[in-house]
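Work through the exercises below with the sequence and the coordinates open, and compare each step with the solution that follows it.

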Amino acid sequence: MEENSPLIDRFETFAQMAQLEFVRCANNDHSHLDVCSTLLRDVSDDRLVNIRNLLTRDARPLENNAAEMGFFDEYTRGKYEQVSRELELFLAQHPGEITLYELAARSKAHAALQVQREEVDSRPIYELIIAQMRILFELQGDMIRARFELQRLAILCRSHGAARMIAAFLQPNRHAAVGLTNSEESLILALNSNLANPWSYEPVTQLSGGDWLASQSRIVFPASISLELHECLRLELIDASAKLAQLDIPDGRRQAYLGHCFFRANRVDSAILSYNLAIQLEPVFGVVACGLPLFSALFAKGDIAACLDLVVGQYLTNQNTQVIFPLKRLLEAASDATGGNQFHLDLALAAQIYADDHGATFNGLRSDAFENFLDSFGVGRPSELPLDSDGIATERLISFLYKVCTVETLEDSTIFATYEDVETERITILQRLIEYDSDNEELYSGEIRQLTEDAEVARLLQEFEGSRIYVNEQGVLRSLEGELRDAFSRYKQLLAEPSLEYQAGDIRRRIKELIDRSDPKVDMSNFHLPATEREGLFRRMYGGLVNSFVLDPHYGLKTYLSTNILHGALEGELRHSLGKRGLLLVGDNDTVEKCESAQGQAVAGIGSNVLKAINKRQSRWGHRRRRSGPHPNIDPLFATKNYRR
């Protein structure tokens, strides 16, 4: 009987569904998977072998994985450069060992080895994966792009175990050393990985119960320092502390695992101290390894203010650290918390950090924290904040003024009445920042210039919109299209054949020579030939366009002026222009004096000929006014005042 799908496709589907079933039904009845595993016991697929080993709780033989365990041991001892170079050779021969990808990325980042300069397309896909993972470990470069690149690579090799490894790697709690629940991706990765991997012991324990894998590994590798380090998480706190003190490992790793042990023993305060010390010893990798555990310890303690301080402090040191912490969860908890001025400052900064990358969900919380922080200092505007306040780092105040006190936040507050007031306050803030943070003067000055230009453009645009004369350009073009189409086509044809212009010039020279011979006294400077065809076409098109633009009864300027005069709008526009320049009289002596001054300033830059015309018009108008009766305010201004240059 013909099948719709090949046998290998059905097998691949079964293997993936079996993994999902095993993960999602952990600690439940797996008898149906046991039956399937028994039927397929002769199939040497690693995924099914791992499921069978977990069902029987027997991963032997493990001796074939001595090389992999050796890499983990050297890494645990801190021999990063050696591990990195050995893994390069090993993975070149065994690129399918996905368990070692993360170890290679961590080793390269720790050893700070120079990044290879080869073209990306010429490198194997496992090297591309390791390179992007390294960026995330180093907290340098474009981390968002690195995450997207890893997702792209996962899709590219979606049928390979590397895709499951990448999916697990991108989870924030991929190593649940502090008792956090492993993600589903981490559990699936354990089923796709070599079980001789100390980083898989926690997921395996969660899947099958008990620490049997670590116990069997200890029998096969009794001298493994990686297994000894993992064993510390299972010992009592006193024994674990003593054992950690004896292990030959870097001090930063020692403090990190000591923090894990304290956290498991519910000694949260001691765990916090150990995690902070680990971060001090290894500023970058300490944050990667201990940032989330430290956050979890503070959060479990209910110290929201300390969580905010941790997140904001690490962000100001390295903005890429924001990917480590569950910022949304923190802000949701902080919305119900209270605190002093430091709390409101950190809350506003944390909400701004979230807004920069995730949207406006917490913008209302940011605005509340912004105003609460100002109230705690008793000031009405952020430009009045003291930048040398005791108890608050100047760096955080500068970040608050620059990142939080933006036009958007100021406009959302209840402090300012107009948008112009908001822009003025923002410029004042930037001017203060230039004084206190001269290293970034160019950054602040650039924004001041931008704000000033935007305000000027808005003002000019408002003036333009209020004084522009409207002509229906599309209507004018439609009315001219049929009339000028043929003339325009002929004009373009003549442009492509300039020989006629040369002939016209030659004729002009010949006529001039003939006239000079007959009467040398004739002035030829204003002599012109009749228009050529091209010039005549151009004048015809130009004249038709101008006439239609101005005089067209349906679309032209005449229609606009007639309509505005009919409705009295034109008078209002003229009065508005005069009023803006102080030239509009309302009938009192003070207004006359102001008008005299304004008019004097208005004509200050006008030429003498124009001034004569103005004075002439004023005299004629004043004469007419005197004939119809004197006006006490207008006559002295226009009938008697003459301007001279």
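**Exercise 1.** Locate Arg-85 and classify its accessibility.

*Solution.* Arg-85 lies in helix α5, which spans residues 80-93, where helices are DSSP runs of H or I with at least four residues, numbered from the N terminus. This is a predicted model, in which local features need pLDDT of at least 70 and side-chain atom pairs count only at pLDDT 80 or more, while totals for chains, interfaces and linings use all residues. Residues are numbered from 1 along each chain as its sequence is written, and side-chain values use heavy atoms, leaving out hydrogens and water. With a relative accessible area of 45%, Arg-85 is partly exposed, because buried means under 20%, exposed over 50%, and partly exposed in between (1.4 Å probe, protein chains only). In space, Arg-85 and Lys-108 are 8.8 Å apart, C-alpha to C-alpha, although 23 residues separate them in sequence.

**Exercise 2.** Decide whether Gln-255 is buried or exposed, and list its contacts beyond four places in sequence.

*Solution.* Begin with helix α15 (residues 251-264), which holds Gln-255. The relative accessible area of Gln-255 is 17%, so this residue is buried. Apart from neighbours within four places in sequence, Gln-255 is in contact (heavy atoms within 4.5 Å) with Ser-274, Leu-277, Ala-278 and Leu-281.

Notes. Helices (H or I, at least four residues) and strands (E, at least two) are DSSP runs, numbered from the N terminus.
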